[in-house]
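Hi,

Here is the structure I promised to pass on, with some notes below on how the chains meet. Have a look at it first, and then read on.

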Amino acid sequence: MFELVFQVLVYGVIIGAVYGLATMGLNLIWGVMRVVNFTHAEFLTLGAYTAYWAWVLIGLNPIASIPLSALLGFVIGIFIFYIIIYRLLFSPDIHSTLVATFALGVALAELMKVLWTADYRGVPWALGVIKFSWFSIPITYVFTFISCILIIIIVYFILYRTYFGKSIRAVIWDSGAAAICGVNVKATLALGFALGSALAFIGGSLIVIYLPTGINPYMGHLYLLRCFVIAVVGGLGNPWGALAGGLVLGLLEQVSPIVLGYIPGVEPLSLTPFLSFLILIIVLLIMPEGILGRRR
Amino acid sequence: MVLLKVENIVKRFGGITALKDVSLDIYENEILGLIGPNGSGKTTLVNVVTGVYTPDSGRIIYRGRDITRTPPHLRCRMGIARTYQVTRPFNNLTVLENVMVSILNGRRCGKISVEEAKELAENIIETIGLSKFKESPSKSLNAQGRKRLEIARALGAEPELMLLDECLAGLTPSEISEMLNTIRRIKSERKITILMIEHLMHAVMNISDRIAVLHEGVKIAEGKPEDIAGNIKVAEVYFGDRELALKFVKR
Amino acid sequence: MEDVGDAVKKYSGLILIYLLLILLSLISTAYLEIVYYVLFLMVISQSLNIIMGFGGLYNFGHAVFIGIGAYVFALLVVQGLNPYISMIAGGIVSSAVAFLIGIVVLRLRGPFFAICTLSTVPAVKYLIIGGKIAGGAAGITLFRYLGEAYNPYMLTYILLISSVAITILTLKVSASPLGYSLKALREDHDVAETSGVDTTRCKIIAFIISALFPGVAGGVLAFKIFWVMPETVIDLTWSIEAILIVLLGGSGTTIGPIIGAVVYEVLKDLLMRYFPGLQLLIFGLLVVAIISVAPEGIVGLLKNRFKRLRSFLI
């Protein structure tokens, strides 16, 4: 029993960390420019494909392909920001960016289908399993977790030790005041979006490690619900909120199937996402700012 | 008689206390001017009275009824209407439609047809001087037009109490005297009580029956314009020059 | 009071389109299929227009209403109830569910509402599969109960009647106090409140109305495909298509979704013929273009360019 609990906790934290990292971009973009980036799902998918093609064409494992994903994500993010997002930020309809990013996401998913077909692909990167007395865990998961921590540290460094990071935090807090202080708000927004996009790409690459065969153009949609739950529960404006939310969801996904298994006549694996949806609604209603968000 | 009673209102936003135990009486048929430096809590008070904000403590009493927990739309139907400092027209609706919204949802909510509301709206728009623009989208109005639309829309609800939030800001001197005359006319023709937040000293001293002064969330003075002008505390906080203030009182 | 001439002029655009559709449907079964799809899209988009176009609330979960209608239809038909009554029941239950969802979800503003409603689509699917409700993932098959009753003309005409009904309803709402209130709360929620609009009540009413005919359409869908399961009747694609059509035609206008549905279906067919597999890609980019340069849709563009058409474009 104790082994089971420990295994569940460990898996929950490790997988949750990746979920959190994958969602950080969403929280960041909302915090910086109040845009819900519905293209997030496709950014994840593109990150996954980057890992795939890096594996197939260059032989890079998903963790080694992180810098590549980050770079691609960053460049594509800048591109999308300047071409589409920026002009819509000032539109009188608050839904413009939402619909535009959603539509863009649909278009990107179809583009991927055209380019790479809807076939399921995988990155079968396995290095064996470490066995402890209480539990066992694939070595790849351990490396993934370590990479997550490293990336989070890097993001922390960027946000708190560089000028760029300071300007992002300033714009999150009050863009008008930031502008008066000499911050180039437009450039900051662009870089913020690009950083968010890069993080999503990285997240996608890492998620591949948990899905040996599941890469396809529509995989982003599977993570859509998860990412929103994580983003909202953790606090939309706060990148660290995504980590908190990620851990919550990671643990929930490990614990819930076991608990639900005791209820006769249900399918625990399908009911768990429904539970996460209930949590989403409850959080949206009670504290829309999430666990770590700004209190009004 | 007292139309609206603001009783010991406290309103906090996080670490800031915007209103610290504010009490105020508004008498029927008067024009009460509400003045004070920026950030003193004037608009917050209006938001509490109209129900946009719920106070942390204290009560709002309208015609003897405690309306502290009443939602904003019901307060409007009871007879409390307001204008907004930064004009907020229903952008994609025409001027006529803007006014019709408050007519259909104001005092006569549920008891007036769309055609009747349209006629009434046209009358109000005529009174306010916007007839030329009645079919134009409200987002195309200039500053003066928008200020007038705010008042027209407030009138649509057929209020007993109108809260005007800096309705003169951004107007030229001739527009200001036009607006003041319009306000006087509305008040006498329709028997409306008015609370007017204003920064323009000569305007508010001129038109108000009484004045209340807010400073950093505290009411520091209340009384006739002459008395306010002669009040040392107010002078210290706001005018800087007592002699100048006395000159503006024309009674 | 308008005189008859004005009224005819105003509605002639609508009447024309409906007449065309009826004529087309009689030409051949192939055209009947197309008219069926156009009408299906029209019904769900016109319904969405009430909450999205008038109320300004982007309900990404609109597809759920179709699913509810389909499931109610299936469950009733299996019990032996007349299919046409079952369709109506599907619509009514869908509205009832809209009420229950609405009192919870309509408190949310803008993007939060969109996120939440978007999430309801997979959530309902997971609930049905996970809770093994109404057959779970396998669903309910209807061949046994409906085999002989299938009549494609009947189904298409039910959709036609639904479309006409929702159009008339839209016209009535648009000219009613509810319509003015909805448009006001769409423009500025807080100012609407202080102008006396009971925003909660208006939003809930609009939401309930928007769920009625998609519920009926769900029943029609179930009748057409004979097998109701989560994958086939709860499909985010319809939410997306409905939103696209409302935006394409002209959000908040009565004739907008009608024009939008026709244009969309025509485009979809053309694309399928010449650029198969690329439809969604092009439509995705199209929506981005619409939002950026023509947010008022086709009706908006026509109104600006051809001032004489204004009286027809209601």
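Between chain B and chain C there are 2 salt bridges. This is a predicted model, so please read every value here as computed from it. One of the pairs is Asp188(C) with Arg88(B), whose side chains meet at 2.9 Å, N to O. As a general point, side chains of opposite charge can pair when their charged atoms come close. Polar contacts link 8 residue pairs across the interface of chain B and chain C, counting pairs with both residues at pLDDT 80 or more.

Which elements of chain B give two or more residues to the side that touches chain C? They are α2 (72-78) and α3 (95-105), and α3(B) has the largest share, 6 residues. By class, that side of chain B divides into 10 nonpolar, 7 polar and 5 charged residues.

As for extent, 22 residues of chain B are in contact with 19 residues of chain C. The two chains bury about 1,800 Å² between them, with 61% of it on carbon and sulfur atoms. On the chain B side, His73(B), Arg88(B) and Phe90(B) lose the most area to chain C, and together they make up 28% of what that side buries.

Phe112(C), Ile115(C) and Tyr126(C) supply 18% of the area that chain C buries against chain A, more than any other three residues.

How many salt bridges does the rule find between chain C and chain A? The count is 0, and polar contact is found for 2 residue pairs, both residues at pLDDT 80 or more.

What about chains A and B? They do not touch, and their nearest C-alpha atoms are 7 Å apart.

There is also a nonpolar surface patch of about 810 Å² that draws on both chain A and chain C. From chain A it takes Leu275(A), Leu278(A), Ile282(A), Leu285(A), Ile286(A) and Met287(A), and from chain C it takes Phe99(C), Leu100(C), Ile103(C) and Val104(C). Helix α11 (268-286) of chain A and α4 of chain C each supply at least two residues of the patch, with the largest share, 5 residues, from α11(A).

Finally, the structure holds 22 salt bridges over all chains. One within chain A joins Glu110(A) and Lys113(A), with the closest N and O atoms 3.7 Å apart. Both residues lie in helix α4 (residues 96-116) of chain A, 3 residues apart, about one turn of the helix.

Best wishes

How values were computed. Residues are numbered from 1 along each chain as its sequence is written. Chains are lettered from A and ligands numbered from 1 in the order in which they are written. This is a predicted model: local features need pLDDT of at least 70, side-chain atom pairs count only at pLDDT 80 or more; totals for chains, interfaces and linings use all residues. Side-chain values use heavy atoms; hydrogens and water are left out. Contact means heavy atoms within 4.5 Å. Buried area is the accessible area (1.4 Å probe) that two parts lose on being put together, summed over both. A salt bridge is a side-chain nitrogen of Lys or Arg within 4 Å of a carboxyl oxygen of Asp or Glu. A polar contact is a pair of N or O atoms within 3.5 Å; within protein, one must be able to donate a hydrogen and the other to accept it, and residues adjacent in sequence count only if both atoms are side-chain atoms. Helices (H or I, at least four residues) and strands (E, at least two) are DSSP runs, numbered from the N terminus. Ala, Val, Leu, Ile, Met, Phe, Trp, Tyr, Cys and Pro count as nonpolar, Asp, Glu, Lys and Arg as charged, and the others, Gly among them, as polar. Patches are made of residues with over 30% relative accessible area and no salt bridge: like charges are joined within 9 Å, nonpolar side chains (Val, Leu, Ile, Met, Phe, Trp, Tyr) within 5 Å. Accessible areas come from the Shrake-Rupley method with a 1.4 Å probe; for residues, only the protein chains shown count as cover.
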